[in-house]
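I opened a new notebook page for this chain.

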Amino acid sequence: MSDSYLNLWLLSLILALPIILLFRRKQPKLNLPPGQMGWPLVGQTIGYLRPHPATTIGEFMEQHIARYGKIFKSSLFGEPAIVSADAELNKFIFNNEGKLFECSYPKSIGGILGKWSMLVVVGDMHRDMRAIALNFMSNAMLRTTMLKDVERHALLVLNSWKQDFKFSAQEEAKKFTFNLMVKNILSLEPETPEAEALKKAYATFMKGVVSAPLNLPGTAYRKALQSRFTILKFIERKMEERNQNIKGGDEGLDDDLLSWVLKNSNLTSEQVLDLILSLLFAGHETSSVAISLALYFLPACPRAVQQLREEHREIARAKREAGEVELTWDDYRRMEFTHWVVNETLRLGNVVRFLHRKAIKDIRYKGYDIPRGWKVLPVLAAVHLDPSNFDHPQLFDPWRWQNNGSRGGSTGTSNNFMPFGGGGRYCAGSELAKLEIAIFIHHLILNCEWQLAEQDQAFVYPFVDFPKGLPITVQRLSLI
């Protein structure tokens, strides 16, 4: 660098210094939560996403909570972030959706799920799409159509299991929930060529959703984008068929979600495609993981298995005496201990570990500043596995949910237990998910005894998954 160029650079710096100092004086000093920002660009993302057992919060969260408390700052996913392991702050975030916070997932998620995915849209569009999902999974639909379909598809899977034959329980759970969703969304019957082709494309798609967002030839992310294209083309063909049926007056020919959306919403074709894809994703993946977790936790708790068998044997006996075969909504409501098992599975397994939010205003909370534009991560798992909220949190204990969970938490279970989020983005499929798990358990516990065929456990990648697919063997029972 020449002397004249260096002198000019120093002069410019000296002249700019008063302006910089004046600007800095005008900025109020923020009282950010304690913490560290980590490396440039990547921040602390690598440590935060490091795989760990699903029944723990991982080394990163353990160390940061021990050092900084339940609310701390960091740099994650390329942005400055406030991380919350605090139940009250999490509820505050959920209750102020659209007012102080909004959904803000990494661009890679929107790139693969679609810019109109229900997971990533905000404001009026999210409200409209969520209303469609709630109508699809309403209490009336669950009591009638959904309950029958859930039972039918659970039996289809369970009846295919062979005695003493080793198989992946995780894949079987995925088969159950996938078949259920494509039947109700697209009117596809299980094991038909169309359904099998869609399932194959969807499996490739899911591998990309949970992979590093590297859009390079041969990567899981690139293959997922290609599978997304295949899936959307399939849905698009179904949309054309439905529109032809509607124009021809055959409106009742396909009584599924896709037909309902085309007849009753003002969504564009692109928005319908992303909505259907996001409902397939949300309705299939999370429920199957929860069922797999229940199959993993229960063998280690024989007392819970025995109480489940007693409960479901009594339901089956009453139905036999009444001359009934299919389960009813009243039967489902009688599954009290089963509901405790479902709650405990969701608490300990934490299918959804954390959520992505962003502050849309400058916020002051408990003396800390949360600047506008900062990412905010409510970590649900950290609340569910906090010993100050739940006694012996690493223990699978369904009985903690007696008396509406009064044994489970020390400061009010409604704040401490939020497996489906909260506020305006509370999971629209929460009741369907619980119904799927309970009905699957009902027929499983009456007809099978199962054990792990190999050592396996749930890990966080950050999606919960079993590395070996949860291999099990079964023996047939006759308890009815």
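**Entry 1: strand β9 and its partners.** I am working from a predicted model. β3 and β9 pair in the parallel sense, over 4 bridges.

I then checked β9 against another strand. β6, residues 357-359, is joined to β9, residues 375-378, by 2 bridges. These two strands run antiparallel. I looked up the partners by name. R357 has V376 in β9 as its bridge partner. K358 has K375 in β9.

Which way do the residues of β9 point? K375 and L377 point one way, and V376 and P378 point the other way. I noted that all of them are buried.

**Entry 2: the sheet around β9.** I traced the strand order next. The sheet is open and has 5 strands, in the order β2-β3-β9-β6-β4. Its pairing is mixed. I looked at the ends of that order. β2 (71-76) and β4 (101-103) stand at the edges, and each has a single partner strand, so one side of each is left without a neighbour in the sheet. From one strand to the next, the twist averages 35°.

Which helices pack on the sheet? I found helix α3, residues 58-68, which touches β2 and β3 (79-84). The direction of α3 makes about 135° with that of β2. Helix α4, residues 87-95, packs on the sheet too. I listed the strands that α4 touches: β2, β3, β4, β6 and β9. Its direction makes about 120° with that of β9.

**Entry 3: strand β13.** I moved on to β13 and its pairings. Strand β10, residues 448-452, pairs with β13 in the antiparallel sense over 5 bridges.

Is β13 mostly covered or mostly open? I read it as mostly covered, since 5 of its 6 residues are buried.

**Entry 4: rings.** I turned to the aromatic side chains. The structure holds 23 aromatic pairs. I looked at one of them, Y296 with F466. The two rings are edge-to-face, 5.5 Å centre to centre, with 65° between the planes.

Why did I stop at this pair? Y296 lies in helix α12 (residues 269-297), while F466 lies in the loop between β12 (464-465) and β13 (471-476), so the pair ties together parts that are 170 residues apart in sequence. I checked the cover on F466 as well. F466 has a relative accessible area of 2%, under the 20% cut-off, so F466 counts as buried.

I also found a cluster linked by ring pairs. Its members are Y48, F60, Y68, F72, F77 and F354.

**Entry 5: charges over rings.** I looked for charged side chains above ring faces. The charged end of R303 sits over the ring of W399, 3.8 Å from the ring centre. K162 lies over the face of F165, at 5.8 Å from the centre of that ring.

Entry 6: I picked T230 and found it in helix α10, residues 220-247. Is T230 buried or partly exposed? Its relative accessibility is 45%, so T230 counts as partly exposed. I then looked across to L198, 32 residues away along the chain. The C-alpha atoms of T230 and L198 are separated by 8.5 Å.

**Entry 7: the whole chain.** I finished with the overall figures. The secondary structure comes to 19 helices and 13 strands. Of the 480 residues, 51% count as buried.

How far does the C-alpha trace span along its principal axes? I noted about 95 × 60 × 40 Å. I compared the radius of gyration with the globule rule. A compact globule of 480 residues would be near 23 Å, and the chain has 25 Å, which agrees.

My last look was at contacts along the sequence. Among those between residues at least 6 apart, 70% join residues at least 24 apart.

How values were computed:
Residues are numbered from 1 along each chain as its sequence is written. This is a predicted model: local features need pLDDT of at least 70, side-chain atom pairs count only at pLDDT 80 or more; totals for chains, interfaces and linings use all residues. Side-chain values use heavy atoms; hydrogens and water are left out. Rings of Phe, Tyr and Trp (its six-membered ring) pair if their centres lie within 6.5 Å; planes under 30 degrees apart count as stacked, over 60 as edge-to-face and the rest as tilted. Buried means under 20% relative accessible area, exposed over 50%, partly exposed in between (1.4 Å probe, protein chains only). A charge sits over a ring if NZ of Lys or CZ of Arg is within 6 Å of the ring centre and within 35 degrees of the ring normal. Two strands pair if DSSP finds at least two bridges between them. Axes are lines fitted to C-alpha atoms, for helices over the stretch in contact, and angles run from 0 to 180 degrees between N-to-C directions. Contact means heavy atoms within 4.5 Å. The radius of gyration is taken over C-alpha atoms; the globule rule is 2.2 Å times the number of residues to the power 0.38.
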